[in-house]
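User: Can you take me through the side-chain contacts in this one? I'll ask as we go.

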Amino acid sequence: MCGINGFIQFKHVFEKEKMHNIVHEMNEHIVHRGPDAEGIFADESCALGMRRLSIIDIEGGAQPIWNESHDKLIIFNGELYNFKKLQEQLQREGHIFKTNSDTEVVLHGFESYGIGFLKQMEGMFAFAIYDVLLKKWTIARDRVGEKPLYYFRSKEFFIFASELKSILSTGIIKREIDMEALSIYFQLTYIPAPKSIIKDVFKLQPATVMTIDHIGEINEEKYWELDIDYEDVEYQDYNICKKKLREALFASVEQRMVSDVPLGAFLSGGFDSSIIVGIMSQISKDPVNTFTIGFKEKQYDESPLAKLVAEKHKTNHHVLMLDWDRAFEDLEKILNNMDEPFADSSLIATYAVSKMTKEYVTVALTGDAGDELFAGYDKYLISYYGELYKKIPAVIRKVLIEPGVKALPVNSSLSRKANKVIYTTNLDIYQQRKQLMCLGFKDKELKQLMKSGMVDPLSFIENEYQYLKNRDEQLRTQYIDLNIVLEGDMLTKVDRASMLASLETRVPLLDSRVIELAFKMPTKFKISKRNRKIIWKDTFKDLLPEELFHAPKHGFSVPIGKWLETSLEKQIYKYIAPEFIKEQGLFSGTYMKQLVGKHMSHKENRYSELWTFFVFQWWYEKNIMV
């Protein structure tokens with residue numbers, strides 16, 4: 001596990017030594033991703049570098065790694081879980097290996113199969129291969145975007161890196177805001193690929209490979225798409241799907257447990273992480289190390305449920321009761337290390353559990369992606385509740401229900417959920433889905449906020465939605481979440497939080513066999529009315545304590561609203577001050593003053609919008625006003 005950096009020049013602008021120094025500086029900005037070692041290669045065309053976190057003890061596995069003829073090299077970030085099988089295959093074809101590393105397997109695989117080898121690779125990765133003789137570079141990213149890869153291109157240079165801060169450290173890119181990305185961020189609270197917050201810097205899309213030649217010609221193509229148009233009678237059989245799911249996930253977990261350093265698992269007390277821990281415990285000869293975050297507020301605390309899972313599987317269990325005053329102390333470090341504005345506040349708790357976990361192990365398995373694959377989100381019930389609501393006579397809705405909802409405390413969970421149903425009831429189903437994705441500012445609000453008045457229509461969401469126009473609506477929604485929400489929000493959160501703690505996380509549910517099975521099986525196996533994750537819970541019920549099936553679904557809440565009114569009050573007023581807003585030239589100070597006033601006076605609960613604004617302003621001050 002590491003971070004990678006590359007600096008390619010198409011014209012002779014810098015000498016070899018200068019490029020070496022540039023990449024060394026890029027490496028220094030991601031030392032948290034690989035504190036154990038640094039590797040750099042430089043010639044007259046490029047400099048490639050990496051920072052390494054040692055996960056598997058591999059003699060001779062230091063990067064960059066060369067092939068036998070010393071005309072190709074590779075830098076690799078991530079883990080290739082099926083590398084042993086692929087190595088044996090390549091050895092039978094005559095390849096000779098100097099190391100026992102997954103990195104060298106990728107290099108030899110490309111020698112034999114080119115980019116077609118990517119289809120055989122099972123793992124999380126971002127890498128670059130350099131053909132010295134042809135002066136040609138190949139970069140690629142894993143299927144769903146577990147590992148990040150940013151890039152910048154111009155007539156003179158092509159620069160890529162695991163983190164945006166490395167690219168900015170070169171001093172070559174102008175620190176100018178991409179206005180479309182800014183609009184996307186303020187609506188979604190994150191920026192999915194291919195955009196980045198900096199103009200002319202992009203993220204390589206998941207499941208994408210890009211080649212760059214010596215004159216700067218670029219070719220980009222997808223190497224994997226979900227096979228979900230294929231229909232086979234066996235995928236219509238519930239018991240066959242259960243059998244396939246169990247086999248696929250056990251195989252995936254076993255592959256991801258290969259490590260020469262201490263290994264454990266996040267355990268929240270929900271179904272997803274509990275199932276992963278259950279499988280690990282059946283595979284491992286030794287007790288599994290498990291790590292849980294607890295909360296003093298009982299309505300958010302799942303640590304008692306996690307304890308039941310730990311007791312059932314006899315794990316070495318560790319619990320951190322999260323003190324929000326102590327968590328606030330980490331806030332500055334978290335915000336300062338954000339590559340881009342990212343307003344998912346659960347990042348704070350994810351970093352807390354990552355930091356605790358790193359005290360005991362170096363690798364942790366997680367239960368991420370269960371909601372996306374097996375229909376677990378509350379938001380998937382919006383059409384169900386909307387249809388129920390529309391059956392109530394309009395006069396009762398207008399005279400009794402809607403005034404009653406308005407009378408609820410603005411901070412209550414019931415108020416937020418009821419308002420979502422009321423707000424989206426008369427929208428078509430796609431607009432309902434889209435609105436529930438927008439956790440920041442709504443269109444009308446954003447037009448008031450943005451000085452330019454420009455609002456990105458988020459048409460890329462509809463493009464993903466329409467891609468499966470002949471499939472059922474629920475599957476289309478899950479496809480959006482797999483391609484946009486998972487990459488842009490969930491995986492970004494886990495990668496940034498864990499890497500900041502120098503911890504590697506692995507996600508068994510993102511094995512391609514599990515993903516494809518989840519999208520091939522009928523929707524009715526996953527969700528029916530209010531019942532979600534049907535086949536998921538049924539397949540692994542033997543691994544779960546009975547209490548989990550009867551426990552209410554716990555929400556998660558960081559006290560952002562409280563922080564904005566207390567510890568961060570001075571900072572938020574600084575960020576809406578006329579001089580600060582005028583210098584930026586991005587926002588309407590009048591609108592933000594009104595919004596802050598409504599929140600601070602408790603007339604409206606606008607913590608989500610204010611947190612989204614606050615995070616951007618913090619990032620802007622640290623990264624643009626430099």
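User: Are Phe 76 and Phe 127 buried or exposed?
Analyst: Both Phe 76 and Phe 127 are buried (under 20% relative accessible area; exposed is over 50%, partly exposed in between, with a 1.4 Å probe and protein chains only). This is a predicted model, where local features need pLDDT of at least 70 and side-chain atom pairs count only at pLDDT 80 or more, while totals for chains, interfaces and linings use all residues. Residues are numbered from 1 along each chain as its sequence is written, and side-chain values use heavy atoms, leaving out hydrogens and water.

User: How many aromatic pairs are there?
Analyst: The count is 39 aromatic pairs. Rings of Phe, Tyr and Trp (its six-membered ring) pair if their centres lie within 6.5 Å; planes under 30 degrees apart are stacked, over 60 edge-to-face, the rest tilted.

User: Why is the pair Phe 76 and Phe 127 stacked?
Analyst: Their ring centres are 6.0 Å apart and the planes are at 25°, so the pair counts as stacked. Phe 76 is in strand 5 (residues 72–80) and Phe 127 in strand 6 (residues 123–131), so this pair links distant parts of the chain, 51 residues apart. Strands are DSSP runs of E, at least two residues, and helices are runs of H or I, at least four, numbered from the N terminus.

User: Which residues do ring pairs link into a cluster?
Analyst: Tyr 185, Phe 186, Phe 441, Phe 587, Phe 613, Phe 616, Trp 619 and Tyr 620.

User: Switching topic: where does Leu 400 sit?
Analyst: Leu 400 belongs to helix 13 (residues 394–407). Leu 400 is exposed, at 58% relative accessible area.
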